[in-house]
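Me: I've got this one open in the viewer and want to talk through the fold. Can you walk me through it?

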Amino acid sequence: MSELEAMSVLAPRRKTRPIWVGSVQIGGDAPIAVQSMTNTDTADVQSTLRQIQELAELGCDIVRVAVPDRAAAEALPGLVRRSPVPLIADIHFDHRLALASLRAGIHGLRLNPGNIRDPDKVREVVREAKERGVPIRVGVNEGSLPPLPPLEEGEMPPPKWKRMVDAALWEVQILEDLGFSDIKISLKSFDVPTMVTAYREMAKLVDYPFHLGVTEAGPPRSGAVRSAVGIGILLAEGIGDTIRVSLAADPKEEVPVAYDILKALNLRQRGATIVACPTCGRIEIDLIPLVNQVEAYFQKLGYPITVAVMGCVVNGPGEAREADIGIAGGKGKGAIFRKGEVVRVVPESQFLSALIEEGHKVIQERFGQAPPMATGTVSGLDEVIALTPVEGPGPGRVARRQQP
Ligand code: SF4
């Protein structure tokens, strides 16, 4: 399937009114922005700034910081001044922390309508945000919904998604009544069907941009899958303007997952895309360590090229040809492809160095600059892998790694 045909399976993007979080446009025709959140003590400026910088280096467009108390709010001016990306203050319970964040120069606010329930306090924040041109995310979370009003005898409580939508609309109305429209909305739930339904229903009602996320999605593996399903369903329907993958892990792990979701739908690419075979009984090279090293190397370079690492001649040449560079492994040697052509056949000990050399050529040609080698020399990198082809006949043999 061609790239164009693949694109056509996506619904057209929902039309949203753009807002600006600092220098980053959200909504309209802007690319889907990637966000994450620090997990340091915000009052610790050095640690928080270090984490913000690490996230920015991974391609995070916007970073959110928790502002749970006055000490955190007091750290904001220093963070805002030195952050390489726009910052959003995450506010719960106390609207005065939102006011302090605005006065500190924050680029965006997240307010939770579930726990700042006094409309006058919300209005106070909105007036200050409007004066400063700072957008507000109405950030609904299934875990902190406003209390349900008393039910009539026999009345069923509304479904969760409806309560989430209603909570967001309550706050949106307050903002709109003050002529404020720099609004972004999130409706996060751990439960994917609930979250998907809430966003779909809200998309019928407003044209504000959406921040997508599956809340408290879990540890890295299951959290990445849950996020990819929830966020991916909506993105495929054209819904969503910025995404955050929430993992119980170092926030640095969230950003590559977010990009992998965007890459999977051909919506945005950052860093290399690695095509790799899952390995099977036909394999005759030690492919998995090679894939890991290829991914680590090319992701670090950050150029959006496609690299195929394939174990044998069944699908190998086909996939390798489609990619910018690739290898199709064989018995103790591999065919290296660049832009669809076999450019050389190398012994197993040179797989990594050959891919790196060809990758650098592609990058030089396409981006007009030769990236420096990420670590050491090319031959040094091959030594890290230390592959040893296993002797013996027949398919199904696996090249073993040399034990140190
Ligand atoms: Fe098996 Fe070859 Fe397919 Fe890899 S490319 S999974 S080794 S058949």
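This is a predicted model: local features need pLDDT of at least 70, side-chain atom pairs count only at pLDDT 80 or more; totals for chains, interfaces and linings use all residues.

Me: How many bridges join β9 to β10?

Reply: 2 bridges, with β9 and β10 (residues 242–244) running parallel. H211 has T242 in β10 as its bridge partner.

Me: What about β7, buried or exposed?

Reply: Buried: 6 of the 6 residues of β7 (residues 136–141) are, so the strand is largely enclosed by the rest of the structure. Both of its faces are covered, with I136, V138 and V140 buried on one side and R137, G139 and N141 buried on the other.

Me: And how many bridges join β6 to β7?

Reply: 3 bridges, and β6 (residues 108–111) runs parallel to β7.

Me: OK, switching topic. What's the strand order in the open sheet of 5 strands?

Reply: β11-β12-β13-β14-β15, and the pairing in that sheet is mixed. β11 (273–276) and β15 (341–347) are at the edges with a single partner strand each, so one side of each has no neighbour in the sheet. From one strand to the next, the twist averages 20°.

Me: How many bridges join β12 to β13?

Reply: 4 bridges join β12 (residues 306–310) to β13 (residues 325–329), and the two strands run parallel. V309 stands opposite I327 in β13.

Me: Which strands does α10 lie across?

Reply: Helix α10 (residues 287–301) lies across β11, β12 and β13, at about 170° to β12. Helix α12 (residues 351–367) also packs on the sheet, where it touches β12, β13, β14 (333–338) and β15, and its direction makes about 5° with that of β14.

Me: Now the ligand. Which residues are around it?

Reply: C277, P278, T279, C280, R282, I283, M310, G311, C312, V314, N315 and G316. By class, that shell has 7 nonpolar, 4 polar and 1 charged residues.

Me: T279 is in that list. What's its phi?

Reply: Near 70°, which is a positive value in a residue other than glycine. T279 sits in the loop between β11 and α10.

Me: What about the phi of N266?

Reply: N266 has a phi near 55°, again a positive value in a residue other than glycine. N266 is in the loop between α9 (254–264) and β11. N266 is partly exposed, with 13 other C-beta atoms within 10 Å.

Me: Zooming out, what does the domain assignment give?

Reply: The assignment gives domain 1 (3–264) and domain 2 (273–384). Their centres, taken over C-alpha atoms, are separated by 38 Å.

Me: And how many helices and strands are there in the protein?

Reply: 13 helices and 17 strands. The C-alpha trace spans about 75 × 50 × 35 Å along its principal axes.

Me: What percentage of the residues count as buried?

Reply: 42% of the 404 residues do. As for contacts between residues at least 6 apart in sequence, 64% join residues at least 24 apart.

Technical notes: Residues are numbered from 1 along each chain as its sequence is written. Two strands pair if DSSP finds at least two bridges between them. Axes are lines fitted to C-alpha atoms, for helices over the stretch in contact, and angles run from 0 to 180 degrees between N-to-C directions. Two residues are in contact if their C-beta atoms, placed from the backbone, lie within 7 Å. A residue is near a molecule or strand if its C-beta atom, placed from the backbone, lies within 6 Å of it. Ala, Val, Leu, Ile, Met, Phe, Trp, Tyr, Cys and Pro count as nonpolar, Asp, Glu, Lys and Arg as charged, and the others, Gly among them, as polar. Domain bounds come from an automatic or database domain assignment. A residue is buried if 20 or more other C-beta atoms lie within 10 Å of its own, exposed if 12 or fewer, and partly exposed in between; C-beta atoms are placed from the backbone.
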